[in-house]
Amino acid sequence: MTGAAFPPRVFSGIQPSGNLHLGNYLGALKRFAEAQDRGVETLYCMVDLHAVTVWQDPADLRRATRELAAGFLASGLDPARSILFNQSQVAEHTQLAWVFNCVARMGWLQRMTQFKDKAGKNAQNASLGLFAYPALMAADILAYHATHVPVGEDQKQHIELTRNIAIKFNTDFAVDFFPVPEPVIEGTGTRVMSLRDGEKKMSKSDVSDMSRINLTDDADTIARKIRRAKTDPEPLPSEAKGLKDRPEARNLVNIYAALADLSVDAVMQEWGGRPFSEFKPQLADLAVEQLGPISAEMARLMQDVTEIDRILGDGADRARAIAAPILRRTYDIMGMVGPREV
Ligand code: TYM
């Protein structure tokens with residue numbers, strides 16, 4: 001069984017915790033806008049309930065949620081064509097998550113690498129929510145019968161779990177009710193690495209701000225971070241295969257390719273054999289040219305949070321209209337007494 005029998009619908013989410021960075025932009029936001037522009041039905045969610053699986057200061061969460069919404073809008077997401085909303089406004093997510101808590105197995109969740117990374121050495125002290133996080137993520141996706149989930153590489157395991165939950169539910173109840181969604185992990189921007197260490201992903205939780213480019217960084221900061229990005233002393237190799245054992249060089253080439261919408265081969269044709277002292281300033285210019293307008297637009301949008309809240313409220317109403325009948329039907333399949341499915 002695949003998602004093929006279900007009409008295409010795209011869903012994805014981003015946590016409103018900390019700053020948006022280049023990895024979020026290239027791995028997610030830029031690709032979200034591309035999916036919307038292809039005319040597929042798209043839903044994008046600020047997953048505030050996921051964010052609180054670790055401590056969030058309430059004022060920071062409120063600001064981060066609105067700033068994330070501004071980041072979506074500034075990246076080209078159009079609230080008329082995509083449904084943009086924050087998760088906590090649509091109760092169906094948590095209701096379906098409970099059902100999936102009862103479908104998913106402890107062993108499945110214990111294998112999740114993100115839990116192990118985030119819980120660290122003291123897993124006993126992690127919240128129960130952090131452990132159950134992927135079941136809520138499955139609910140996010142399946143509450144809309146979404147068929148395609150654009151994400152960065154790091155979310156692959158969670159989508160695999162979502163697929164297993166969909167299959168187990170369908171099998172347990174002998175129905176073909178939930179689609180088995182496809183992760184969409186395509187292009188050169190799905191695994192943007194730290195600027196300080198090419199083996200570590202760029203992340204909002206890295207202690208070093210020099211490791212990432214934030215969407216709110218100004219032009220000088222972006223240029224400085226790229227200039228100081230770790231590299232090796234060799235010039236760029238003449239072909240893409242020469243990047244294999246050079247993680248920092250590979251990362252900068254991938255970032256260039258993703259920003260310029262070029263293949264890695266095309267970048268190598270232009271830059272192969274040339275030194276980083278020439279490549280880095282061009283990369284910095286490209287990053288500033290693309291990210292500058294986004295950060296300016298985010299700052300402008302943040303001046304009118306009432307409008308952002310209105311957009312999220314409207315998106316939540318439209319999201320609920322899709323999710324509510326799917327939840328009702330789920331309950332019905334499971335034998336919960338309630339209003340009949342229409
Ligand atoms: P989050 O908030 O950590 O990241 C949001 C998106 O950005 C991508 N990303 C990256 N892509 C490339 N390189 C990087 N260094 C990088 N860092 C982050 C992530 O892969 C993601 O696509 N669990 C999810 C949020 C979520 C979700 C969902 C996603 C909740 N429910 C349902 C899809 C569908 C998360 O923590 O992403």
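Predicted model: local features only at pLDDT ≥ 70, side-chain atom pairs only at ≥ 80, totals over all residues.
Trainee: What distance separates the centres of domain 1 and domain 2?

Mentor: The protein chain is divided into domain 1, covering 9–190 + 304–334, and domain 2, covering 209–300. Taken over C-alpha atoms, the separation of their centres is 29 Å.

Trainee: How many residues of domain 2 take part in the contact, and how many of domain 1?

Mentor: Domain 1 and domain 2 bury about 1400 Å² between them, with 68% of that on carbon and sulfur atoms. The contact draws on 18 residues from domain 2 and, from domain 1, 17 residues.

Trainee: How many salt bridges does the rule find across the interface of domain 1 and domain 2?

Mentor: The structure as a whole holds 23 salt bridges. Across the interface of domain 1 and domain 2, the count is one.

Trainee: At what angle do the axes of helix H9 and helix H12 cross?

Mentor: Helix H9 spans residues 219–227 and helix H12 spans residues 276–301. The crossing of H9 and H12 is right-handed. Their axes come within 9 Å, and the crossing angle is roughly 145 degrees.

Trainee: How many residues of the contact of H9 with H12 are charged?

Mentor: On H9 the contact is made by Ala-219, Ile-222, Ala-223, Ile-226 and Arg-227, and on H12 by Lys-280, Leu-283, Ala-284, Ala-287, Val-288 and Leu-291. Nine of these residues are nonpolar and none is polar, while the charged ones number two.

Trainee: Asp-209 forms a salt bridge with Lys-225; how many residues apart in sequence are the parts that the pair ties together?

Mentor: The closest N and O atoms of Asp-209 and Lys-225 are 3.0 Å apart. Asp-209 lies in the loop between strand E5 (182–184) and H9, whereas Lys-225 lies in helix H9, so the pair ties together parts whose separation in sequence is 16 residues.

How values were computed: Residues numbered from 1 in each chain as written. Heavy atoms only, no water. Axes fitted to C-alpha atoms, helices over the stretch in contact; angles between N-to-C directions. Helix = DSSP H or I, 4+ residues; strand = E, 2+ residues; numbered from the N terminus. Left-handed = near helix turned anticlockwise from the far one by under 90°. Contact = heavy atoms within 4.5 Å. Nonpolar A, V, L, I, M, F, W, Y, C, P; charged D, E, K, R; others polar. Domains from an automatic or database assignment. Buried area = accessible area lost by both parts, 1.4 Å probe. Salt bridge = Lys/Arg side-chain N within 4 Å of Asp/Glu carboxyl O.
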